[in-house]
Amino acid sequence: MENFISVTGKLASGFGTTLALFFLTLLFAIPLGLIFACISRVRFKPLRFLMRAFIYIIRGTPLLLQLMIVVYLPGIVFNNPLTKWEIFHQNVPLSYFCGALFAFVINYACYFAEIFRGGIENIPKGQYEACEVLGMSRSQAFFKVILLQVIRNIVAPMSNEVVTLVKDTALARTVSVVEIYFAASEILRLQFIIWPLFYTGAFYLAFSALVTLLFGIIEKRLSRYWR
Amino acid sequence: MALLEVKDLTKSFGDTRVLKGINFEMESGEVLSIIGSSGSGKTTLLRCLNFLETADGGSISVDGKAVFDAADPSLSSPKAIRHNRTSFGLVFQSFNLFPQYSVLKNLTLAAILKAKEENPDFSKSRNKITASLDKRAMELLDRIGLGDKKDNYPCELSGGQQQRVAIARALMLTPRILCFDEPTSALDPELTKEVLHVIKDLKTAGNTMIVVTHEMDFARNASDKVIFMANGIIEESGTPGKIFESPESPLLQSFLKQ
């Protein structure tokens, strides 16, 4: 029978996967989001349109559905190893984790892209013009004047999005990634004990608190001087 | 020879012709006020002089040297513009100070970047260069009476103080001609006074300035020459005495009655 210690151990190991998914998603989605944001601002209209359409589709459909498509569609269409692998490995294959990670990265990159774009477009035109009349080059203006203001603009919405990501990782269980929620539901399924499921909330809460605190510090540092 | 010569300057936005051929000259040390109702093209003219807009036709020369000529595309390359725009400085209606930098850094930033670009061994003499720029910035801040605010951030200053810092920032690059785009329109009367006071001080010091303004008292008392613009042309120009005491154009007469 499970006790508090053994459940904590099982959940903690599941939470390791949650954290891996969380940090890897951020690691890839932030740069990709920057690239998406740049593409959705290029002058070449067709490319800009395609990028914005893609972002619209990703933001307009459930992440849950995207997870299913990423993990199962290649198997159906190409007979891809994602599903085949399961036959030889009784444990959940790493490829499911990679599939889930891929879906998370694309999904979050689109949200980040919109935040970055908003952050860039919210800079008053006067800031660029002031740089221009002071004889700065475009890159000097961007790196010395604009960038820090963009970062300041995006901290609050990014904080929101990142806290959401903490909780969204629970969706990965639907494609067999044994993160904390999956670990708890396994205890429920095999031993009919439900409290471990409720107990996962404590892990999410603690981690969200940490993330919020971190962003709070960044925000405070950046707004020490202006507005 | 005139310091600034503007010839046949035209500019359209889409189908709207905002400037329909602007011609004027000004001498070194002169203060020129540009008045006129909203939409008359005053701000567009100033923005063309500062290369924030590219005029469609005409030419601009400083000291007899063309800095803009619609017929000469070599003057419209980004490099040429960056070089030629240093003849002009611009003070905006909405100040546009950099919020993340202290007052002192607002003044020195562009100058430091310029020095970095022009000196191949900037890193060696970095301290010397920044020290001399800081010194110059402090002189300017003292001149506008804000020496004690050097470490403050723009948001900690009143609108009038911010605008004075913006003026000092523009002066930092020693432009031949300093332009003001309705510098007091965002300020209440009390703060307007302190900004106009600084501009008058600059006149005494011999700065050449173009001021787009709605402050008729300023245009009358502080300028050497006044241009009245209406519908994209210079409707009337002359000394403040002539413009304000004996206006000829009916448009100017009705403008002054408002």
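Helices (H or I, at least four residues) and strands (E, at least two) are DSSP runs, numbered from the N terminus. From the N terminus on, its elements read α-α-α-α-α-α-α-α-α.

A word on what you are looking at: this is a predicted model, in which local features need pLDDT of at least 70, side-chain atom pairs count only at pLDDT 80 or more, and totals for chains, interfaces and linings use all residues. Residues are numbered from 1 along each chain as its sequence is written, while chains are lettered from A and ligands numbered from 1 in the order in which they are written.

**Chain A as a whole**

Here are some overall values for the chain.

| Property of chain A | Value |
|---|---|
| Box filled by the C-alpha atoms, along the principal axes | roughly 75 × 45 × 25 Å |
| Share of the 227 residues that count as buried | 31% |
| Share of contacts between residues at least 6 apart in sequence that join residues at least 24 apart | 75% |

A residue is buried if 20 or more other C-beta atoms lie within 10 Å of its own, exposed if 12 or fewer, and partly exposed in between, with C-beta atoms placed from the backbone. Two residues are in contact if their C-beta atoms, placed the same way, lie within 7 Å.

**Helix 9 and its partners**

Let us follow one helix. Helix 9 of chain A (residues 195–222) has 28 residues and reaches 42 Å from its first C-alpha to its last, close to the 40 Å expected at 1.5 Å a residue; that expected span is 1.5 Å times one less than the number of residues. Its buried residues are A:Pro196, A:Thr200 and A:Phe203, and they pack against helix 1 (4–39) and helix 8 (180–191) of chain A.

Helix 8 and helix 9 of chain A pack at an angle of about 160 degrees, with their axes 8 Å apart. Axes are lines fitted to C-alpha atoms, for helices over the stretch in contact, and angles run from 0 to 180 degrees between N-to-C directions.

**Meeting chain B**

The contact between the chains takes 18 residues from chain A and 21 residues from chain B. Helix 6 of chain A gives the most to the side of chain A that touches chain B, with six residues.
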